[in-house]
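Thank you all for coming.

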Amino acid sequence: MIEPFPLIEISGAPYQRGVQYGQQAVARIRKGTTHYLAQLRDLSLDAAGVAALVRDYLPVIEQFEPDYVEEMRGIAAGADVPFEDVVLLNARTEILKLARPEVRARLKTPDEPDGCTGVVALPVATAHRRLIHAQNWDWKRECVETAVVLRVRRDNGPDLLTFTEAGALGRSGFNAIGVAITANYLESDRDYREVGVPLALIRRKVLESEHVALAMRTVYCTKKSAANNMIVSHCEGVAIDFECAPDESFQVHPERGLLVHANHFVSPVALSKLKDTGIANTPCSLYRDIRVRDLLQPQIGAITKDAVKAALFDNFADPWSVCRPPRRNLGNNLSATVAMIVMEPADGLMEVAPLPALNKQFTSYRLEMAVGAGRAPAALAS
């Protein structure tokens with residue numbers, strides 16, 4: 001029996017939210033930090049070394065959003081773990097790139113790259129004229145025991161619902177005005193030349209946005225340390241895939257209301273300007289997006305949540321498949337599709353299945369939407 005991801009609900013000021021988060025998710029936070037810190041010990045980075053790296057990096061986070069530092073301090077207090085451990089959960093790769101050169105030389109490829117497959121079906125492409133935004137999150141098998149669904153009640157902006165590692169501020173999700181985001185790994189020859197904002201915090205900022213324009217601005221304009229792919233949508237019928245290099249962003253738009261992306265650059269502009277260095281580690285990316293697109297294209301105009309789930313359950317070329325069972329990756333880490341996340345923001349609904357290659361049971365999580373959110377434009381209404 002695979003347990004569903006627990007729902008953590010928090011509210012109040014940033015520090016108060018963090019304390020609530022830490023108290024409710026203490027076991028999963030401690031398990032996650034223990035796992036990552038054990039890896040760092042193998043790199044001769046002890047607690048003092050981690051603390052020093054965090055101190056060097058903290059001004060980058062404070063300049064981007066000081067409230068996030070307060071929330072992380074609250075998480076640490078609530079879970080009774082060092083503050084530096086919580087920062088590390090939210091900015092692990094970026095922080096490690098500040099390590100001593102001799103340590104960096106022994107680091108594996110940043111975040112030990114694995115695949116993720118994202119898909120958006122716009123209202124015009126779906127059976128019920130409701131946008132569907134979904135993703136398979138492929139990462140370390142251990143994260144089945146360390147992830148949560150976080151519902152944040154905010155006093156100064158829209159509430160939000162996000163699937164994330166326990167102790168992290170955000171990953172995939174949507175907010176009460178219908179802005180949604182998923183993200184997946186990319187790698188380029190421009191990565192880690194300069195320090196940028198942690199990707200997890202960029203995603204959280206998107207989920208706090210009161211307007212989809214500002215959400216897209218955050219993704220497009222925020223300086224990053226490394227490449228990443230982020231799909232931003234709005235439930236009334238807009239979605240753009242942003243293939244982000246550290247200093248530049250490239251757009252990929254839906255075709256006939258369908259957008260699918262895996263872990264390689266597809267923008268012709270991007271490919272003319274940089275080198276995609278990630279395919280060596282995620283070669284299955286080259287066909288995962290094709291598989292999902294080919295399964296859904298014949299259903300355009302009648303795509304349902306079940307159809308999206310079926311496409312993301314695809315096991316072609318197993319275990320190098322869209323839906324990955326636990327297996328060793330090229331870095332010899334135990335990897336899997338940790339979760340399948342399927343969202344219908346207009347209905348305030350997120351469904352999540354842990355370890356979907358072995359478990360097809362979804363748990364539903366809900367967010368109360370703002371008045372008017374999800375109202376389809378007249379031209380698209382059924």
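What you see is a predicted model, in which local features need pLDDT of at least 70 and side-chain atom pairs count only at pLDDT 80 or more, while totals for chains, interfaces and linings use all residues. Residues are numbered from 1 along each chain as its sequence is written, and side-chain values use heavy atoms, with hydrogens and water left out.

Let me start with the sheet, where helices (H or I, at least four residues) and strands (E, at least two) are DSSP runs, numbered from the N terminus. There is an open sheet of eight strands, in the order β1-β4-β5-β6-β7-β8-β9-β10, and its pairing is mixed; two strands are said to pair if DSSP finds at least two bridges between them. At the edges are β1 and β10, residues 248-252, each of which pairs on one side only. On average, neighbouring strands of this sheet are turned by 20° against each other, with direction ignored.

Within that sheet, I would ask you to look at β6, residues 172-175. From this strand Ser-172 and Phe-174 point one way and Gly-173 and Asn-175 the other way, and all are buried, where buried means under 20% relative accessible area, exposed means over 50%, and partly exposed is in between, for a 1.4 Å probe and protein chains only. Strand β5, residues 160-165, runs antiparallel to β6 and is joined to β6 by four bridges, with Phe-163 standing opposite Ser-172. These two strands form a hairpin with six residues between them, and in the turn Gly-167 has a positive phi of about 100°. On to β7, residues 179-185: β6 and β7 are antiparallel and joined by two bridges, and Ile-181 of β7 is the bridge partner of Gly-173. Their hairpin has three residues between the strands, and there Gly-178 takes a positive phi near 95°.

Helix α8, residues 212-221, lies across β7, β8, β9 and β10, running at about 175° to β8; axes are lines fitted to C-alpha atoms, for helices over the stretch in contact, and angles run from 0 to 180 degrees between N-to-C directions.

Now to two helices: how do α1 and α4 pack? Helix α1, residues 14-24, and helix α4, residues 66-79, pack at an angle of about 35°, with their axes 6 Å apart. The contact (heavy atoms within 4.5 Å) involves, among others, Tyr-15 and Gly-22 of α1 and Glu-70 and Ala-79 of α4. Several residues of α1 are buried, including Pro-14, Val-19 and Tyr-21, and what covers the buried residues of α1 includes β1, α2, α4, β4, β5 and α7. Ala-79, which lies in α4, is itself buried, with a relative accessible area of 0%, and touches Gly-22, Gln-23, Val-26, Ile-29 and Arg-30, not counting residues up to four places away in sequence.

Turning to the interior, a nonpolar core is a set of buried Ala, Val, Leu, Ile, Met, Phe, Trp, Tyr and Cys residues joined through side-chain atoms within 4.5 Å. The largest such core has 79 residues, and those with the most contacts inside it are Phe-5, Ile-61, Phe-163, Met-350 and Val-352. Helix α5, residues 83-96, gives the most to this core, with eight residues, and apart from this core lies another, of 19 residues, among them Val-119 and Leu-258.

Finally, the backbone details. Most residues other than glycine have a negative phi, and most peptide bonds are trans. Asp-80, however, has a positive phi near 55° and lies in the loop between α4 and α5, where Asp-80 is exposed, with a relative accessible area of 62%. Leu-355 likewise has a positive phi, of about 45°, and lies in the loop between β14 and β15, but Leu-355 is buried, with a relative accessible area of 2%. The peptide bond from Asp-318 to Pro-319 is cis, with omega near 10°, and Pro-319 lies in the loop between α11 and β12.
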